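User: Could you walk me through this model, one question at a time? I would like to start with the ligand and then move on to the sheets.

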Amino acid sequence: MNNPYVPYPVRISKTLVETEDKQLKSFWLDFLNPADAKAFDYTPGQFAELSVSGYGEIPIGIASSPTEGDTLLFTVNKVGHVTRKLHNMAEGDIMGVRGPLGNHYPLKDMEGKNVVIVAGGFAVTTLRATMNWLLHPDNRAKYGDITFIYGARTPGLLLYTDEWTEWQKRDDCNIHVTIDREAPGWTGLVGFGVDIVKKVQPKPENSVALICGPPIMIRFTWPVFEGLGWTTDQVVLSLENRMKCGIGICGRCNVGPEYVCKDGPVFTKAQLDKLPAEY
Ligand SMILES: Cc1cc2nc3c(=O)[nH]c(=O)nc-3n(C[C@H](O)[C@H](O)[C@H](O)COP(=O)(O)OP(=O)(O)OC[C@H]3O[C@@H](n4cnc5c(N)ncnc54)[C@H](O)[C@@H]3O)c2cc1C
Ligand code: FES
């Protein structure tokens with residue numbers, strides 16, 4: 001990327017309303033210039049600034065994995081000015097992507113280890129990217145057991161259902177998808193993600209956990225891992241602080257000395273425990 005403020009032009013190639021409340025919509029984006037696709041060299045856990053002309057830019061986690069090809073996937077919750085406009089855009093529309101930004105999950109350090117993923121709500125996006133990376137034929141043998149625990153409030157709020165349904169058919173990963181309360185037609189697990197962690201009891205030996213979700217989920221989930229003997233350097237979290245530049249210049253995202261946009265958004269719990277509780 002020559003000028004880090006200039007977005008790459010992309011075309012929306014596909015959209016999908018993901019949830020029954022229509023709040024979450026996925027966007028598949030194709031680069032207009034093939035050279036830009038090459039330059040956009042990313043790793044699961046990173047984010048990008050999505051740029052909508054006349055409206056502004058928003059940081060959004062990259063939900064695709066580079067193992068899936070050049071098309072980028074983002075899943076966006078409709079909450080305000082830019083996200084509302086984005087939800088009204090259609091296939092064929094042109095917009096911008098600036099990035100990739102931030103650090104990523106420690107996929108290299110995770111090689112040879114068991115991986116436990118715990119996702120709550122729509123924070124599953126970059127963990128979907130990670131699952132696609134881990135399960136890719138070029139990568140699967142590099143990792144030990146893979147456990148994926150994903151919870152949403154209702155069946156209609158679960159994202160990427162076609163994909164985790166396919167993962168459930170594989171015998172090289174353990175997929176646990178749960179909803180908060182019984183619901184008509186739902187035959188899967190019921191209970192919070194943390195309840196499933198208590199049942200599964202992931203072992204800490206030679207393992208790493210990636211946990212993403214609302215702060216309350218993380219607050220309740222960490223003590224369960226701690227009780228099972230996990231240490232703070234084995235648990236990796238991703239922050240979603242307010243951001244502007246995304247490249248460590250404006251100071252909008254600071255937590256203590258760390259720029260969440262540049263030094264993060266991915267931190268171990270051990271790193272976060274040393275920071276002021278401003279995140
Ligand atoms: C690294 C990172 C990854 C993210 N990944 C995703 C993702 O994959 N999908 C997704 O839908 N969202 C994600 N977000 C959050 C997303 O950036 C905000 O929801 C978005 O910027 C809101 O833009 P807006 O113009 O529509 O809202 P605004 O009109 O600016 O605000 C609308 C409401 O949202 C609140 N808000 C704005 N930004 C944030 C924020 N960062 N955190 C919490 N509340 C906020 C405002 O206070 C206000 O209440 C991510 C944020 C970061 C920093
Ligand atoms: S968003 Fe500007 S420094 Fe992080």
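This is a predicted model: local features need pLDDT of at least 70, side-chain atom pairs count only at pLDDT 80 or more; totals for chains, interfaces and linings use all residues.

User: Which strand gives the largest share of the shell around ligand 1?

Analyst: Three elements each supply at least two residues of that shell: strand S4 (56-61), strand S5 (72-77) and helix H2 (81-87). Among the 20 residues around ligand 1, Pro59, Thr75, Asn77, His81 and Thr83 come nearest. The largest share, 4 residues, comes from S4.

User: How far is an oxygen atom of ligand 1 from a polar backbone atom of proline 59?

Analyst: Let's take the backbone contacts together. Threonine 75 places a backbone N or O atom 2.9 Å from a nitrogen atom of the ligand, and valine 82 has a backbone N or O atom 2.9 Å from a ligand oxygen. For the polar backbone atom of proline 59, the distance to an oxygen atom of ligand 1 is 2.6 Å.

User: What part of the area that ligand 1 exposes when taken alone does the protein bury?

Analyst: The shell residues divide into 10 nonpolar, 8 polar and 2 charged. Taken alone, the ligand exposes 880 Å², and the share of this buried by the protein is 72%.

User: Which strands stand at the edges of the open sheet of 6 strands?

Analyst: The order in this sheet is S4-S3-S6-S1-S2-S5, with antiparallel pairing, and the twist averages 40° from one strand to the next. Each edge strand has a single partner, so one side of it is left without a neighbour in the sheet. The two edge strands are S4 and S5.

User: What is the bridge partner of serine 51 in S4?

Analyst: Strand S3 (residues 47-52) runs antiparallel to S4, and 6 bridges join the two. Within S4, serine 51 has as its bridge partner glutamate 57.

User: What separation do the C-alpha atoms of threonine 15 and glutamate 91 have?

Analyst: Threonine 15 sits in strand S1. Leaving aside neighbours within four places in sequence, threonine 15 is in contact with Lys25, Ser26, Phe27, Trp28 and Glu91. Although threonine 15 and glutamate 91 are 76 residues apart along the chain, their C-alpha atoms are separated by 6.5 Å.

User: Now for the other sheet: which strands stand at the edges of the open sheet of 7 strands?

Analyst: This sheet has mixed pairing and the order S10-S9-S8-S7-S11-S12-S15. A strand at the edge has a single partner strand, so one of its sides is left without a neighbour in the sheet. That applies to strand S10 (189-190) and strand S15 (266-268).

User: In S12, what is the bridge partner of alanine 209?

Analyst: Strand S11 (residues 207-212) and strand S12 (residues 235-238) run parallel, joined by 3 bridges. In S12, the partner of alanine 209 is valine 235.

User: What angle does the direction of helix H5 make with that of S8?

Analyst: Helix H4 (residues 161-168) lies across strand S8 (146-152) and strand S9 (174-179), running at about 135° to S9. Helix H5 (residues 193-200) packs on the sheet too, touching strand S7 (114-120), S8, S9 and S10. The angle between the directions of H5 and S8 is about 150°.

User: Where do the cis peptide bonds joining glycine 99 to proline 100 and glycine 264 to proline 265 place their prolines?

Analyst: Most peptide bonds are trans. The bond from glycine 99 to proline 100 is cis with omega about 0°, while the one from glycine 264 to proline 265 is cis with omega about 15°. Proline 100 is in strand S6 (residues 94-101), and proline 265 is in the loop between strand S14 (258-259) and S15.

User: And what is the phi of lysine 22?

Analyst: Most residues other than glycine have a negative phi. Lysine 22 lies in the loop between strand S1 (8-17) and strand S2 (24-31). Its phi is positive although lysine 22 is not a glycine, at about 65°.

Notes: Residues are numbered from 1 along each chain as its sequence is written. Chains are lettered from A and ligands numbered from 1 in the order in which they are written. Side-chain values use heavy atoms; hydrogens and water are left out. Two strands pair if DSSP finds at least two bridges between them. Contact means heavy atoms within 4.5 Å. Axes are lines fitted to C-alpha atoms, for helices over the stretch in contact, and angles run from 0 to 180 degrees between N-to-C directions. A residue is near a molecule or strand if one of its heavy atoms lies within 4 Å of it. A polar contact is a pair of N or O atoms within 3.5 Å; within protein, one must be able to donate a hydrogen and the other to accept it, and residues adjacent in sequence count only if both atoms are side-chain atoms. Accessible areas come from the Shrake-Rupley method with a 1.4 Å probe; for residues, only the protein chains shown count as cover. Ala, Val, Leu, Ile, Met, Phe, Trp, Tyr, Cys and Pro count as nonpolar, Asp, Glu, Lys and Arg as charged, and the others, Gly among them, as polar.
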